[in-house]
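Work through the two exercises below with the model open. Each task is followed by a stepwise solution.

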Amino acid sequence: MRMEAMREAVEAYGGVIISVCILLAVEFAARRGSPWLAAAASSIPTGIPLALFLVASKAGNQQALVAFSDACVRGGLGTLAFTIAMAITARKAGCIWMLAAGYTAWFVIWWATSPQGSMGSNPGSRDE
């Protein structure tokens with residue numbers, strides 16, 4: 001019974017606690033004048049491990065884990081495109097344009113790597 005209560009607590013508050021800790025680390029690094037450390041703290045993988053735990057506990061079959069992993073690869077490629085677009089734009093424009101370029105690159109990669117016509121739906125459940 002104790003393990004169930006711990007799992008529920010992690011599901012309910014784990015993401016928030018980790019996110020706050022990461023934001024505090026970024027704030028600390030920024031105050032110390034270290035953009036490198038702030039970037040390192042902000043890129044620590046936090047969401048994927050928590051989401052993996054949730055997916056595994058809710059639908060722990062192999063097919064769900066494979067689908068989750070494949071989508072994480074797509075998201076990771078999108079995040080790489082986001083950071084590259086942001087870095088390129090930083091040399092010419094400010095924060096708003098960096099974010100616009102980054103999100104545009106992320107969505108382009110997500111769309112380009114999606115299974116044809118699925119648009120994020122479960123390809124196995126499509127009506128033909």
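**Exercise 1. Find which helices each supply at least two residues of the lining of the largest pocket.**

Solution. 
1. The model is predicted. In it, helix H2 (35-42) and helix H4 (62-90) each supply at least two lining residues.
2. H4 gives the largest share of the lining, eight residues.
3. Take the lining as a whole.
4. Sort the lining by class. Seven residues are nonpolar and six are polar. No charged residue takes part.
5. The largest pocket has about 470 Å³.

**Exercise 2. Count the salt bridges, and state which residues form a salt bridge and how far apart the closest N and O atoms are.**

Solution. 
1. Apply the cut-off: a side-chain nitrogen of Lys or Arg must be within 4 Å of a carboxyl oxygen of Asp or Glu.
2. Name the partners. Glu 27 pairs with Arg 31, and their closest N and O atoms are 2.5 Å apart.
3. Check accessibility. Exposed means over 50% relative accessible area, and buried means under 20%. Glu 27 has 38%, so Glu 27 is partly exposed. Arg 31 reaches 70%, so Arg 31 counts as exposed.

Notes
Residues numbered from 1 in each chain as written. Predicted model: local features only at pLDDT ≥ 70, side-chain atom pairs only at ≥ 80, totals over all residues. Heavy atoms only, no water. Buried < 20%, exposed > 50% of the residue type's maximum accessible area, 1.4 Å probe, protein only. 1 Å grid on protein atoms, 1.4 Å probe; cavity = no way out; pocket = protein on both sides within 12 Å on 5 of 7 lines; lining within 4 Å. Points joined across faces, edges and corners; volume = space filled by probe spheres on them. Helix = DSSP H or I, 4+ residues; strand = E, 2+ residues; numbered from the N terminus. Nonpolar A, V, L, I, M, F, W, Y, C, P; charged D, E, K, R; others polar.
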